[in-house]
Amino acid sequence: MARAARPGEGRAWPDSIMAGRYPQPGPADEAADRAFSPVLGIIDALRNIRGEMGIPFKVALGQATPLHVAVTDPAVHALLTGGEERRVARLANVERLSVHLATATPPAPQSAVAVGAGFEVRVPLAGVIDLAAETARIDKELAKVAADLTLLEKKLSNPSFVERAPAEVVAKDRARVEELREARQKLTNHRAVMTGADTEREDSPMETTPPAVPP
């Protein structure tokens, strides 16, 4: 039996949502959208770090050391500290989260950093993943990429091959060289995060910080 309409309602609710009217879009709150966009960006950034570092969702971030988030907009900072940080922690599985009104997060060795429009997140990796095992895995991947890249570059440096091979084969090999170079750079960046070393690297959402120098 359909429920009677409440005062101000145009009509009664139907017996089932299957028979209900499809929701219609209302006026957009552009200010709210702008304020909430960085919150979604922070969640996406943390998920991307998990993907880059191979951290399963069941492993909580910010265990031994808090995960840091820096935002430049006071309105976004107020939104996060007013309760949205709990949403971030829940959707990204963060155990401890520290929010700062700043342009950058506090530096820390062996941490992964992601940046976005108006925010930066820093995820300490110690205690979250096996740094030694991950470094060994990366070294193995780097060796394989380096070997494949050397073979292709040698092949493409041979004028006889470039002149005689079909154009599509040469183009495919050149594209593969670029893919391998990009993979090598990403693996190098990833390794730098594991070791805490500061390296020369291309623009990347992943950054590293050098280890603290003892006094």
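Apart from its neighbours within four places in sequence, E134 is in contact (heavy atoms within 4.5 Å) with M53, I129, H190 and M194. This is a predicted model, in which local features need pLDDT of at least 70 and side-chain atom pairs count only at pLDDT 80 or more, whereas totals for chains, interfaces and linings use all residues. Residues are numbered from 1 along each chain as its sequence is written, and side-chain values use heavy atoms, with hydrogens and water left out.

- E134 belongs to helix α3; helices are DSSP runs of H or I with at least four residues, strands are runs of E with at least two, and both are numbered from the N terminus.
- With a relative accessible area of 12%, E134 is buried, a term that means under 20% relative accessible area (1.4 Å probe, protein chains only).
- M53 is part of helix α1, which covers residues 30-53.
- M53 counts as buried because its relative accessibility is 3%.
- Although M53 and E134 are 81 residues apart along the chain, 8.7 Å separates their C-alpha atoms.

**Packing of α3 with α5**
- Helix α3 (residues 131-156) packs with helix α5 (residues 167-195) at an angle of about 155 degrees, and their axes are 9 Å apart.
- The axes are lines fitted to C-alpha atoms, for helices over the stretch in contact, and angles between N-to-C directions run from 0 to 180 degrees.
- The two helices, α3 and α5, are therefore roughly antiparallel, the term for angles over 145 degrees.
- The crossing of α3 and α5 is left-handed, meaning that the near helix is turned anticlockwise from the far one by less than a right angle.
- In the contact of α3 with α5, 12 residues are nonpolar, 4 are polar and 13 are charged; Ala, Val, Leu, Ile, Met, Phe, Trp, Tyr, Cys and Pro count as nonpolar, Asp, Glu, Lys and Arg as charged, and the others, Gly among them, as polar.

**Helix α5**
- The buried residues of α5 include H190 and M194, both of which are in contact with E134.
- Also among the buried residues of α5 are V170, D173, V177, L180 and Q185.
- The 29 residues of α5 should span 42 Å at 1.5 Å a residue, which agrees with the 42 Å between its end C-alpha atoms; the expected span is 1.5 Å times one less than the number of residues.
- After α5 comes G196, with a positive phi near 80 degrees.

**The chain as a whole**
- The protein chain has 5 helices and 4 strands, in the sequence order α-β-α-β-β-β-α-α-α.
- Of the 215 residues in the protein chain, 33% are buried.
- Among contacts in the protein chain with a separation of 6 or more, 66% come from residues 24 or more positions apart.

Conventions:
Parallel < 35°, antiparallel > 145°, perpendicular 65-115°, else oblique. Buried < 20%, exposed > 50% of the residue type's maximum accessible area, 1.4 Å probe, protein only.
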